[in-house]
Amino acid sequence: MTFEVENVSKTFVSGDSDEEVIALKDINLTIETGEFVSFVGPSGCGKTTTLRIIEGFEKPTEGTVKDDGELVTGPSNQRGFIFQNYSLFPWLNVIDNVIFGLNINGKPEKESKKRAMEYLKTVGLEDFAERYPSELSGGMKQRVAIIRSLINDSKSLLMDETFSALDIQTKHKLQNQILKICKEQKKTIIFVTHDIDEAVYLSDRIVVFSRRPGMVKKIFEIKMDHPRDRQCQEFEDLVSEVIEMIGEVEED
Amino acid sequence: MKKFRNEYTKETLILPIILIIIWYIVCDVFQLIPSFMFPGPTDVANSFVRLAVSGKLFKDVFDTLYKVLFGMLLASVVGITFGIILGWSKRLETLCKLVISILRPIPPIAWIPFSIIWFGIGIGPAVFIIFMGCVFPILISTIDGVHRTDPVLIEAAESFGASNSQMLTEVIVPSSLPYIVSGLKVAIGIALMCTISGEMIGSSSGIGYMILTSTSLFDTGSTVVGMLVIGIIGIIFDYIFTKIQERIFW
């Protein structure tokens with residue numbers, strides 16, 4: 001068992017009015033090792049906040065998060081986090097960005113660079129190792145950000161709308177890569193997304209959040225084998241079912 | 001990010017050439033202004049040759065540059081160090097805020113009396129005044145740079161397990177660098193201004209001293225040489241810092 005989210009609530013005090021906004025209310029989730037779980041829901045439902053609380057970037061107002069039985073008190077290199085956008089260090093070139101985490105943790109640079117080149121090859125960026133982020137397209141930057149997190153061998157990966165800015169081909173390619181890595185290395189992945197097709201394609205379970213306050217509305221289990229066929233009836237039915245559920249949530 | 005350009009083309013030479021011609025006509029051809037009031041280009045050229053041949057000019061330039069760089073170095077060490085500390089710690093910044101706000105607007109030349117009492121005559125007063133003039137712009141821009149560090153980059157580094165000191169050296173400092181360099185660029189201009197003022201009062205060497213003493217000997221040609229040399233030094237520093245900025249603004 002990897003993550004235990006117990007009775008997590010989060011209240012924000014909005015700046016000008018001193019009004020309390022309940023962003024999350026009584027979130028309870030257990031996520032098993034090696035599981036791929038997606039968080040979906042209308043915007044403002046607190047799915048990203050939940051992800052950030054699991055990483056340790058934010059503290060819950062109430063409740064606890066445990067990672068392998070240990071209380072989460074702050075970010076850790078055991079939990080890789082991939083941001084939506086623009087998280088590369090602009091003063092480092094691609095390869096130095098990729099080995100940032102390895103450097104921080106005192107790994108020998110020569111070996112790290114060799115591994116980084118292998119990872120860069122898997123996303124087709126081996127010729128861009130010496131380039132700077134400002135010279136890359138949005139999709140290329142995001143691929144670098146993804147392998148920068150993957151290379152650290154963290155037990156889990158938390159991804160916040162990581163693929164949302166990519167074109168569809170790159171997106172599909174990276175989805176398959178993430179799936180492969182997740183299954184091979186038994187990584188636990190929590191994936192926040194707006195793209196229901198993506199959630200159904202990737203996830204073992206989909207958690208649907210409701211809005212204001214953010215609560216877990218429903219959890220879908222998906223038992224289909226990988227690679228999943230986007231055209232098959234079962235897939236399409238699931239997608240519409242999830243969309244319907246979010247729609248209902250939105251009307252509440 | 002935005003590109004810095006200060007390219008000097010042929011067009012930029014047009015106005016200076018016209019000005020020199022007018023100056024020549026007014027002062028040398030028609031002699032409308034007596035040379036003890038303002039020298040003509042011929043006087044300036046003569047003074048320049050005399051000062052250059054005797055080696056006095058290079059000695060004075062070297063002297064002034066030495067003070068500028070020494071004062072800047074001290075101001076940079078103090079300004080950048082404290083800038084990073086105060087930018088990092090909200091509490092210390094609040095603690096120091098009022099003191100900085102009061103000291104900052106005091107013109108550096110207001111420190112001249114104390115600089116002479118404390119450091120006597122020599123390079124000491126000038127270096128001190130340069131320090132007082134430069135330390136605040138460097139401090140403020142460093143604090144600003146630290147504050148402007150993208151929170152996403154800090155969180156990214158945290159998720160890789162960066163310690164506080166690694167956060168400082170691997171994220172905060174590189175990310176503040178462009179702002180620090182902008183501060184240094186502003187400071188070098190102030191440093192030149194301070195040096196000349198300082199040299200006019202508490203000093204017996206340097207371009208400022210040369211400007212002041214040559215006027216009292218009615219050698220206004222040397223005064224203008226000194227002024228132009230300062231202008232040229234200013235352009236060179238500006239060029240150097242612009243080049244550095246081009247390299248580090250990603």
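Student: Is A:His172 buried, partly exposed or exposed?
Tutor: This is a predicted model, so its values are computed from predicted coordinates. A:His172 sits in helix α6, residues 168-185 of chain A. Buried means under 20% relative accessible area and exposed means over 50%. With a relative accessible area of 26%, A:His172 is partly exposed.

Student: Is A:Gln175 buried or exposed?
Tutor: A:Gln175 is also found in helix α6 of chain A. The cut-off for buried is under 20% relative accessible area. The relative accessible area of A:Gln175 is 0%, so this residue is buried.

Student: Which residues does A:Gln175 contact, leaving aside its neighbours within four places in sequence?
Tutor: Contact means heavy atoms within 4.5 Å. With those neighbours left aside, the partners of A:Gln175 are A:Phe163, A:Glu198, A:Tyr201, A:Leu202 and A:Arg230.

Student: How far apart in space are A:Gln175 and A:Glu130?
Tutor: In sequence, 45 residues separate A:Gln175 and A:Glu130. From C-alpha to C-alpha, the distance is 26 Å.

Student: What helices and strands does chain A have, and what is its radius of gyration?
Tutor: Chain A has eight helices and ten strands. The globule rule gives 18 Å for 252 residues, and chain A comes close to that, so it is as compact as a globular protein of that length. Its C-alpha trace spans about 55 × 45 × 35 Å along the principal axes. The radius of gyration is 18 Å.

Student: What share of the residues in chain A is buried?
Tutor: Consider the contacts in chain A with a separation of 6 or more: residues 24 or more positions apart account for 68% of them. Chain A exposes about 11600 Å², with 47% supplied by carbon and sulfur atoms. Of its 252 residues, the buried share is 52%.

Student: What is the pattern of chain B along the sequence?
Tutor: Chain B comes to ten helices and zero strands. Its C-alpha trace spans about 75 × 50 × 30 Å along the principal axes. Read along the sequence, the pattern is α-α-α-α-α-α-α-α-α-α.

Student: Which residues of chain A lose the most area to chain B?
Tutor: 24 residues of chain A are in contact with 17 residues of chain B. The two chains bury about 1700 Å² between them, 70% of it on carbon and sulfur atoms. Three residues together give 36% of what the chain A side buries: A:Trp91, A:Phe100 and A:Ile104.

Student: Which peptide bond is cis, with omega near -10°?
Tutor: Most peptide bonds are trans. A:Pro227 lies in the loop between β10 (215-221) and α8 (233-251) of chain A. The cis bond runs from A:His226 to A:Pro227.

Student: What is phi of A:Glu161?
Tutor: Most residues other than glycine have a negative phi. A:Glu161 lies in the loop between β7 (156-160) and α6 of chain A. At 11% relative accessibility, this residue counts as buried. Its phi is positive, near 45°.

Student: Is B:Phe218 buried or exposed?
Tutor: B:Phe218 has a positive phi too, near 60°. It lies in the loop between α9 (207-216) and α10 (220-248) of chain B. Exposed means over 50% relative accessible area. At 59% relative accessibility, B:Phe218 counts as exposed.

Key:
Residues numbered from 1 in each chain as written. Chains lettered and ligands numbered in written order. Predicted model: local features only at pLDDT ≥ 70, side-chain atom pairs only at ≥ 80, totals over all residues. Heavy atoms only, no water. Helix = DSSP H or I, 4+ residues; strand = E, 2+ residues; numbered from the N terminus. Rg over C-alpha atoms; globule rule 2.2 N^0.38 Å. Buried < 20%, exposed > 50% of the residue type's maximum accessible area, 1.4 Å probe, protein only. Areas by Shrake-Rupley, 256 points an atom, 1.4 Å probe, with all protein chains shown as cover. Buried area = accessible area lost by both parts, 1.4 Å probe.
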